[in-house]
Amino acid sequence: MSEPLVRLEGVARHYSTLKALDGVDLTIERGEWLSVMGPSGSGKSTLMHLLGALDTPTAGRVWVDGLEVSALNETGRAKFRREKVGIVFQQFHLLPYLTALENVMVAQHYHSVADAPEARAALDRVGLGDRAHHLPSQLSGGEQQRVCVARALVNQPRLLLADEPTGNLDEDNEAKVLTLFEELQAEGHTLVTVTHALRVGLLADRRIELSHGRLTDLTVPSQEIDRRYDEVLIQLWIADERRTRLAPERVQLPDV
Ligand code: ADP
């Protein structure tokens with residue numbers, strides 16, 4: 001098996017006494033889609049910032065694609081961000097006075113490959129080739145988020161990080177963005193998404209859950225456990241409706 005794309009060893013991010021992340025060990029395989037779940041304030045964004053080299057850990061080590069990101073200085077981190085990661089935020093952060101094409105080209109400017117055809121290709125890739133000359137205000141929420149994905153893809157990143165990418169979208173637009181993520185994964189991109197929505201999390205290959213800066217469960221998020229217990233209640237309810245007694249040994253208990 002090839003080296004994982006991402007490895008975290010004993011990673012912590014403390015703000016004086018507050019432990020935003022506290023001793024996280026994690027690997028992410030190449031081509032994997034990992035979903036990060038957990039309540040507000042549990043450390044999800046902090047983790048994403050460390051993966052994207054927007055921040056450095058106060059302890060522990062982070063490797064991405066063979067590079068020890070946690071040992072880089074600011075210049076090294078900027079180079080890493082240009083070359084290896086694409087970041088999509090919940091808030092779109094598009095410049096309102098630039099067209100979709102120009103917004104993608106601004107990102108290219110930072111990657112020092114200002115090239116309209118490439119920006120155009122990235123917009124085509126997210127299905128927005130025909131919206132290239134629209135301003136953000138002329139695009140729907142889902143279209144704006146897809147421009148952000150195009151912007152994140154323009155440097156052909158190894159790792160795509162998305163923090164609540166569908167948090168502000170209606171169901172239709174959410175579905176479009178999620179289909180795009182599924183396609184990107186099928187093309188070999190490695191994705192890490194933060195989400196509160198279990199239905200979004202379930203699309204990923206694997207879910208991790210953070211609680212107070214620690215990984216609590218590597219396989220089954222708590223909402224999923226709730227869902228499985230709901231299944232048991234439904235079995236009991238159906239039995240009750242049919243006025244049959246369900247012997248305890250016939251209840252199918254969830255596999256947790
Ligand atoms: P989440 O994304 O799960 O909502 P965050 O990673 O944003 O959580 O935050 C985790 C904890 O770290 C929270 O208690 C938050 O208030 C704290 N925190 C995050 N950034 C800072 C900062 N720059 N200074 C101080 N505390 C911070």
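Predicted model: local features only at pLDDT ≥ 70, side-chain atom pairs only at ≥ 80, totals over all residues.

Residues are numbered from 1 along each chain as its sequence is written, and side-chain values use heavy atoms, with hydrogens and water left out.

Now the cavity. On a 1 Å grid over the protein atoms alone, a cavity is a set of points where a 1.4 Å probe fits but cannot get out; lining residues have an atom within 4 Å of a point. Searching the whole structure gives 1 cavity of 30 Å³ or more. The largest cavity has a volume of about 50 Å³, a volume being the space filled by probe spheres set on the points, which are joined across faces, edges and corners. Its lining includes Met48, Ile87 and Asp163. H1, strand E6 (85-88) and strand E7 (159-163) each give two or more residues to that lining, and E7 has the largest share, with 3 residues.

Next, the ligand. Among the residues that surround it are Tyr15, Pro39, Gly41, Gly43 and Lys44, where near means a heavy atom within 4 Å. Which element gives the most to this shell? That is H1, with 3 residues.

For polar contacts, the cut-off is a pair of N or O atoms within 3.5 Å. A polar side-chain atom of Tyr15 is 3.4 Å from a ligand nitrogen. On its own the ligand exposes 560 Å², and the protein buries 59% of that; accessible areas come from the Shrake-Rupley method with a 1.4 Å probe.

Last, the second largest pocket. A pocket is an open set of points with protein on both sides within 12 Å along at least five of seven lines. This one has a volume of about 180 Å³. Helix H4 (residues 116-125) gives the most to its lining, with 4 residues.

His189 is also in that lining, and sits in the loop between helix H6 (171-186) and strand E8 (190-194). Is His189 buried or exposed? His189 counts as buried because its relative accessible area is 15%, and buried means under 20%. A polar atom of the His189 side chain lies 3.4 Å from the backbone oxygen of Pro157.

Definitions and conventions: Polar contact = N/O pair within 3.5 Å; in protein donor to acceptor, adjacent residues only side chain to side chain. Buried < 20%, exposed > 50% of the residue type's maximum accessible area, 1.4 Å probe, protein only.
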